[in-house]
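Here's a quick briefing for anyone opening this structure for the first time. Have a look at it, then read on for the points below.

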Amino acid sequence: MAPARWVLLALLPALVLALGPAGEPRRAPPPEEALEEAEELWSELRSELRGAGLPGDLPELEPECRQLLAAFAEDSAALSACLARRARPVRLCQGCHRLYSSLIARYRGIALAVGNSSESHNCAKSILTSDRLQIVVTLSEFFNETWDTANCANCLKNNSEGLSNSTVEFLDLFNKSLTCFEHNLQGQTIYLSPNNYTEVCKNCNETYRMLNDLYNNLQRMNRQGGESGHSAHLCIDVEDAMNITRKLWSRTFNCSVPCSDTVPVVAVSSFILFLPIVFYLSSFLHSKQKKRILILPKRIQSNASLVNIQEKYS
């Protein structure tokens, strides 16, 4: 029997189910039942087509490829939920790096996996490039771009197993600063006005200064490659934490950190300002205005005397 007739025979059960007893169209079932019915019909149709010896290039995945796709879907959902939950305040890198590593491993598994049987299709071709939309590739590119934009590699060790030592130290100081802010706020609001945060500025100055110095050191280290080996901005977790702390310190509490280099700067500035005065004063003291004295030669004086004598005797 021709392949086209087998297709018609396979579609006949679906046509019968779609019509009522009198040949009238059947009322549409609920969405859940319709989906289950469609899957059953597709399964029956696929079996009929395979039994008829038709070409096997149908959009059906092998069991191994289907498992890989299901695992990628689960990891994508988990990573999306993690990124959304930790979007504000930003805690993406420290909270989602394990899920991101797992997703990358799943994608590589799809790209490298091949079906067991000789007639099976490559999983990479079936899942990644079999259609124009390429959902799996698009999702993978989205997660990679988000991760790179957040510079999460600068918070992690080279093998991405966990947070780097410098990041752990920074987050520890950050938590201590917030704890200090909260403790001193609770202690002073009873006695002081809400807009006066003198105790916070006084008691938390040392912790905040250490945190700020550590952040500046991390920036300098990161420009040179740093602990993670990536020379770019600091990861978004560290940057957001420092921005929050600085806004609280300067805008909310109206505190300021005295600069430790104030005395040398003032001394050098004063020296530079007084240089012109010193220069002109020294020039005035060491310069002497000499009067020019005209001295006539003796020979001229003698000639003049001789003329006077001659006029006297003449």
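Let's start with the rings: the structure holds 8 aromatic pairs, where rings of Phe, Tyr and Trp (its six-membered ring) pair if their centres lie within 6.5 Å. One of them joins Y208 and W249, and it's stacked, at 4.5 Å centre to centre with 10° between the planes; planes under 30 degrees apart count as stacked, over 60 as edge-to-face and the rest as tilted. Keep in mind that this is a predicted model, where local features need pLDDT of at least 70 and side-chain atom pairs count only at pLDDT 80 or more, while totals for chains, interfaces and linings use all residues. Residues are numbered from 1 along each chain as its sequence is written, and side-chain values use heavy atoms, with hydrogens and water left out.

**More on the ring pair**
- Y208 sits in helix α9 (residues 205–223) and W249 in helix α10 (residues 236–252), so the pair ties together parts that are 41 residues apart in sequence.
- Y208 counts as buried because its relative accessibility is 7%; buried means under 20% relative accessible area, exposed over 50%, and partly exposed in between (1.4 Å probe, protein chains only).
- W249 is buried too, with a relative accessible area of 2%.
- Ring pairs also link up into a cluster made of F181, Y197, Y208, W249 and F253.

**The chain as a whole**
- You'll find 12 helices and 0 strands in the protein chain; helices (H or I, at least four residues) and strands (E, at least two) are DSSP runs, numbered from the N terminus.
- Of the chain's 314 residues, 25% count as buried.
- Take the contacts (heavy atoms within 4.5 Å) between residues at least 6 apart in sequence: 66% of them join residues at least 24 apart.

**Two loop residues**
- S164 is in the loop between α6 and α7 (165–188), and it counts as buried because its relative accessibility is 1%.
- The side chain of S164 makes a polar contact with the side chain of T167, at 2.7 Å; such a contact is a pair of N or O atoms within 3.5 Å, and within protein one must be able to donate a hydrogen and the other to accept it, with residues adjacent in sequence counting only if both atoms are side-chain atoms.
- L133 is in the loop between α5 (123–128) and α6 (135–149), and it counts as exposed because its relative accessibility is 55%.
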